[in-house]
Structures are given as structure tokens and as C-alpha cells.
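Trainee: Please show me how to read the features of a model such as this one.

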Amino acid sequence: MIKSRTGEVTARARPWLPAVAVALAAGLGAVGGSYLSVGRRPAFVVEPFDRLVLLLSPDALVAVAITQLGTLGHQLAFLTAIAVTCTVFGLAALPGAAFLLGRGPAPGALSRGGSALFGVILGTVPPAIVAYGLTRSQPSTLGTAAGVGFVLLATAGASALLAGERRSLGSPARRRVLGAVGSAIGVSGLALFVQGTGEEPFPSPLEIPEDARPEVRELLTRAKDQSFGVEGLEPLVSTDFYEVDIGNVDPDVDPEEWSLSITGAVAEEREYDFADLEGMTLEDRFATLRCVGDQLNGRQMDTALWSGVPVRELLEAAEPEGDRVILHGADAYYNEFPIDALWPGLLAYRMNGRPLPRAHGAPVRALVPGHWGEINVKWLTEIEVRDEDTMGYWEHRGWHGTGPVNTVAKLWQTRSLGSGRYEVAGHAYAGTRGIEAVEVSTDEGDTWVEAELSEPLPGDDVWRQWRHEYGAGGWHEVIVRARDGDGNLQIPEEDGPRPDGATGWVSETVGPQ
């Protein structure tokens, strides 16, 4: 640090402060420009850093994020990846930012306009090179360069308006204006980024597609008609299907280039393209999925009408010789489980009468009846048969969600009807065992009554709705439990999701509102 005789910091004592601020704003500009160019797709510059954050996160931290934070944990991980990306691209743009703020040639070496242009180029080219090296995508690279260039041009313009000629870097006015410019650009870029994923939202499944096959229209209409009309309660076909993936940027797989291989311990390895599957018998199934990390009364459980090809047809052609199987996805996710569980599975490529959305595994995902969601691999690319045990992606991280799901009754809606009357409602699910009954207690478990159940949808791996109306005085505790199709009550002992799914009875305090 250089000081004058009066003790004041000289102009060049801390030239890095405004330069770093502008460089970081340029880094956020790079993220925003790439996002606006390609959306939240694999070519997005944040995607490699998202994978890096996931790879370097300790297993214990990942477990805490899943069990305690839920979707917030995913969002924090993505924000971390964004921050790392901004830093990397900010460092790449730093030479240009520093040049624009007075670290370039001596006055007179370049014209004012030429100096500004040189600074913008110096700050834009390195981030563009980094972007292309990470993504190999021209649109993403151009968007990144445009975002960085916009920030640097704005900086140069602000500097010219303030100064007209080179001034002291330590000028408080200069720092305030440059800080305001950088903050405005940064906030604008972040606002553009968080607006959405760049995809059209998946329409409500209850808006039955007009071009759907008659069989699909009939099944969706039946699900709509059988749903209870409880205000705020998810219908039998979910309107907002949960998403849990290892990364925050979904693969973007072209159906024309996609293929599925059946490899490993098989008599004959097979490979299928999307047209092959479309040429096979199409089967429609209602099926419920529940995440192994779902809290006891969490919302990571949903149902859809899936259409696709029975796995059995492909396995029989390959003639498996092993008793284990690993499913591999295009996102580098994989899971291993007994092959017996896969035989009755479905390779789904349509959802609720429409093509399978990218967020749910397009072009093809696996559905394994009655098992936790983690083995229903999305963006499926390979079925590997093995004759020895191994561990899947989450098993390496301390989870054991490859078995059948636990029975659960969710208490998702409570409301006062007035005059001491109340209504409680929710969903219940027990995998392929089915739901025989849901029991409700309004006196802390002293007595139990059976709730009303929705009529079962076709299939043996589907949830049911339940509701119960009753009278009570003042505040009271409501407890719910389910009985599966084998006559077994839901496990009463409360335990967290890790390692093999949450257990316990859901309870909630209900009273006048």
C-alpha cells in the first residue's frame, strides 16, 4: 500500500478492488449470457461445475442436504456451482477489467475508443475460450462472450461518462458508480437466470390431450372422476410431479441419436433405437413413484399414467444369465438391484398422453414396480446384467433404497368445516402390496376409525386417496396410519429417511381456524 504524506491512499494503492468487482460482474454476465443462449441444458456453462460440486461434496453433507433440506439442498448446491462458475469466468475476464480501469498502456498509446475496445476484447476472449473448452457449444460460447462483453462495455461507458479522461482509480465516485453498474448488471443477470429452465412447463395431466389415444383418454378421465374433490389435495394423477436427480442440469438426449444396450451376462447382447421401441406393443400403466429420501409427510411421492414397452420383451430376447442388473442413465447415474425386480418393469417414453418430458427422463426411463424411486433410472442408456453383487450410486453414499417401498399414509390436507366439524385427507401408498385401509385417530391413538378411500385405479403399484370428516372440540391431535394389501399396518416407529426410507405414523395438531 502506498500512502502520501497526509496518509491518504494513493490512486494506485488498491487498483484490484474495482477491477475484481467488474470481473465478478462479468462472470455473472457469462453465466447469464450462456443461459439465455442454451437454457438449462448440458451446454450451459454451469453444468460442469455443478457436476464438480456434486463430486467433491462429502457423502455426509449430501445426506444432510437430502434428509434435512430436501429441494433446498439441491438449490444451494446449484447456487454454489453458479458462484464457482462466476468466479472462474471472472478470473478469465480480470485482465480486461483491470485494463479498462487504468492498468493498460500509458495515455496516448491508444485512442480513448481504441483503448476501450482493446480492454473489452482482452476481457472477452479468454472467457469465450474457457466456455468453448467446457461445452464445445458455439451458441453457449457466443452467449458467454456476449454476456461478458456487455458488462465490460457498460463499464467502459460508465468510465467515459464519469471521467472523459483517465482519473484516479481510488476515486470514491468512480468506485461507487462502477459498483452500481456491476450490481445492476449482476442482479439483472441473476433475475434472468432464475426465471425458469427455458422449457415450456409440462401441462397439467388433468388437461387430457385431445390427440391422445382413446385408451389414454379413458384412463385419465377415470382418474379424474375417481379423485376426491378435496380442496388443495393432489388428484390421483399428479399435477406437479416431483423431481430428484443427482445434478441440477438435465441431460438433453436426442431421440434420433439415442440407443439402449443390453450388455453383460447375457446370451446375446442387444441394442435398440427409439424407432425399435415405438414399433413394439405399447402398454399404459398407472404407477406411483416415491423418493427414498422423502420425509414421513413429505411431498416426494406422485403418480402418472406412463406408456411404454414392457422390459420383459427386451430381456427375453437377450436371455440374461445373471441375477443382478445395473441400469445406467445418460447423466452418469446408475443403480444396481436384483434382476427379478426388473422383469415386470416398463420402459416408459410417454407420460399422461404426451411424450416423456426431459425432466422425467426423455426419451426413455425405467419404471420398476413397487420399489423406491432411485432405481427408476431416467435417460436410460444401458441395462447391464451381472452375475455378482455390486453397489449403486446411492449405496456408495450410505443409502439402501433398492428394496420395496415402505407403507405410508400422508396427511396433506386439514381444514375446519365450522360448528366443530373437521376434514382431513391425503394419499396412501404401499407399492405393489396395495392399500387395504387408512385408519385415523383424533384422540392421540386411543381409538381408530377407517377413512374413506378412493376407488383403486387399474394396476397394482398405485396410491389411493383417503379422507375423513369428524367432530371434535377445540385443538386435538390427528394421527393416520395405513394397512397394506397383505393386512400389515404401517410401521409405527418413527425414523428418518436414511438409509432405507422414512417410517412412522404421521400426526398433526388440528383445531379451529
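Mentor: A charge sits over a ring if NZ of Lys or CZ of Arg is within 6 Å of the ring centre and within 35 degrees of the ring normal. Here, Arg397 lies over the face of Tyr393, at 3.8 Å from the ring centre. Likewise, Arg467 is placed over the face of Phe228, at 4.0 Å from the ring centre. The model is predicted: local features need pLDDT of at least 70 and side-chain atom pairs pLDDT 80 or more, while totals for chains, interfaces and linings use all residues. Residues are numbered from 1 along each chain as its sequence is written, and side-chain values use heavy atoms, without hydrogens or water.

Trainee: Why does the pair of Phe241 and Trp306 tie together parts that are apart in sequence?

Mentor: Helices (H or I, at least four residues) and strands (E, at least two) are DSSP runs, numbered from the N terminus. Phe241 belongs to the loop between helix H8 (214-226) and S1, whereas Trp306 is in strand S4 (residues 301-310), so the pair joins parts 65 residues apart in sequence.

Trainee: Are Phe241 and Trp306 buried or exposed?

Mentor: Buried means under 20% relative accessible area, exposed over 50%, and partly exposed in between (1.4 Å probe, protein chains only). Both Phe241 and Trp306 are buried. Pro497, in the loop between strand S18 (476-484) and strand S19 (506-510), also counts as buried, at 4% relative accessibility. Its C-alpha atom is 8.9 Å from that of Ile66, although the two residues are 431 residues apart along the chain.

Trainee: What order do the five strands of the open sheet have?

Mentor: Two strands pair if DSSP finds at least two bridges between them. The order is S2-S1-S10-S5-S6, with mixed pairing. Strands S2 (270-273) and S6 (334-338) are at the edges with a single partner strand each, so one side of each lacks a neighbour in the sheet. Within the sheet, S5 (residues 324-329) and S10 (residues 380-386) pair in the antiparallel sense over six bridges, and Arg324 stands opposite Arg386 in S10.
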